[in-house]
Amino acid sequence: MPDDDNFPISVRDAKRLFADWKTAPALLLAVSGGPDSIALMWLAARWRSALARGPRLVAVTVDHGLRKEAAAEAREVKRLARTLDLEHRTLRWTGPKPKTGLPAAARIARYRLLAKAARQSGATHILTAHTRDDQAETLLMRLLRGSGIHGLAAMARETERDGVRLARPFLDVSKSQLIATLHKARLGFADDPTNRDVSFTRPRLRALMPALAAEGGDARNLARLAQRLARANAAVEVLADGAERYLALRDRAATGAKSLDAKSLDAKSFDAKTFDATAFAAMPEEIRLRLLKRAIDRFGHEGPVELGKVEALLAALDRALTEKPESRRPRPDRAAKRPMIRPGLKQTLAGALVSLTGGRIRVEPAPPRRRRPV
């Protein structure tokens with residue numbers, strides 16, 4: 001594709017952008033009515049019409065009920081979908097809206113509705129119109145929050161969410177290219193004023209982009225950084241897979257297990273909730289963090305655990321593994337300097353119980369919380 005960000009996307013370019021999903025039975029297009037998603041629907045329809053056989057396309061618009069113009073915008077998307085011979089549905093986010101954290105809540109509701117519609121339509125993928133500009137903004141947001149390598153890898157081209165695949169064909173495409181495409185096709189689009197509302201984080205960062213670009217931090221370079229971090233993250237994930245497998249093999253050897261066929265060597269098939277603390281402590285810190293997070297996410301019941309909390313847990317495990325218990329009656333001159341350390345450790349995190357006893361680390365579902373009497 002040409003490097004000129006103002007160059008419209010051609011039919012040939014569209015064929016390459018959507019090629020990964022040509023064998024899918026059906027694709028759901030998330031179309032809000034803004035320029036990016038209108039371009040997604042337009043280009044996807046042209047791509048599909050050029051195929052002898054291909055997926056059924058279903059356009060879906062989510063009306064969050066936050067702006068009075070949204071209903072009219074959904075009707076306009078439906079009108080355009082009909083001219084493109086596409087199915088269209090409008091979904092509505094009903095019920096009370098939170099007073100704080102509204103963008104995040106709206107995003108969760110949107111994906112929940114889209115996933116439900118995808119399953120009902122037999123679609124295996126939800127296609128969104130996230131662009132290179134969105135990727136750059138996401139990287140900056142996560143950088144300012146102190147995310148690790150996984151978070152700084154930003155958005156992937158394809159991920160799993162709520163039982164369906166979420167695909168982003170435009171991650172290497174600039175927003176200006178999509179607008180140029182619409183101008184050439186003489187297609188209009190909606191203008192959502194919340195995209196410029198500086199009371200929200202993303203619009204504030206968007207306003208900073210020209211200054212960052214003047215220093216070399218334009219969307220192209222920031223997106224390239226996200227790609228490189230994604231590459232590094234993938235490599236670390238492979239190492240974490242190997243470490244998980246190694247710990248599981250040690251456990252099987254220690255328990256005298258005889259069956260170690262190819263299927264059992266798959267790291268994801270192991271029950272990794274217990275492992276040798278000494279072998280674990282010898283691994284690099286980043287690997288240990290990932291193994292702990294995997295186990296907590298696997299056995300906890302309160303959703304994904306925050307990285308900062310896993311870091312605090314790992315520090316507590318390290319202290320418990322390296323510091324020796326003091327005697328029960330420490331000398332007065334030493335008591336203030338070195339407090340008595342209890343052997344072992346037990347901590348609940350994200351619905352998982354993590355314990356260190358007898359030289360082994362164990363991660364298991366935490367017992368239900370006791371309700372306080374009213």
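Two residues are taken to be in contact when heavy atoms lie within 4.5 Å. The structure is a predicted model, in which local features need pLDDT of at least 70 and side-chain atom pairs count only at pLDDT 80 or more, whereas totals for chains, interfaces and linings use all residues. Residues are numbered from 1 along each chain as its sequence is written, and side-chain values use heavy atoms, with hydrogens and water left out.

Thr128 is located in the loop that runs between strand S4 (125-127) and helix H5 (132-144), helices (H or I, at least four residues) and strands (E, at least two) being DSSP runs numbered from the N terminus. With neighbours within four places in sequence set aside, the contacts of Thr128 are Ala30, Leu40, Tyr111, Leu166, Ala167, Arg168 and Pro169. Tyr111 in turn has Arg110 over its face, at 5.6 Å from the ring centre.

Aromatic pairs, in which rings of Phe, Tyr and Trp (its six-membered ring) have centres within 6.5 Å and count as stacked with planes under 30 degrees apart, edge-to-face over 60 and tilted for the rest, number 3 in the structure. The rings of Phe18 and Phe170 are edge-to-face, because their planes stand at 70°, with the centres 6.1 Å apart. Since Phe18 belongs to helix H1 (residues 11-18) and Phe170 to the loop between strand S6 (164-167) and helix H7 (175-185), this pair ties together parts that are 152 residues apart in sequence. A tilted pair is formed by Phe275 and Phe280, at 5.2 Å centre to centre and 40° between the planes. Ring pairs also link Phe18, Trp47 and Phe170 into a cluster.

Notes:
Lys NZ or Arg CZ within 6 Å of the ring centre and 35° of its normal.
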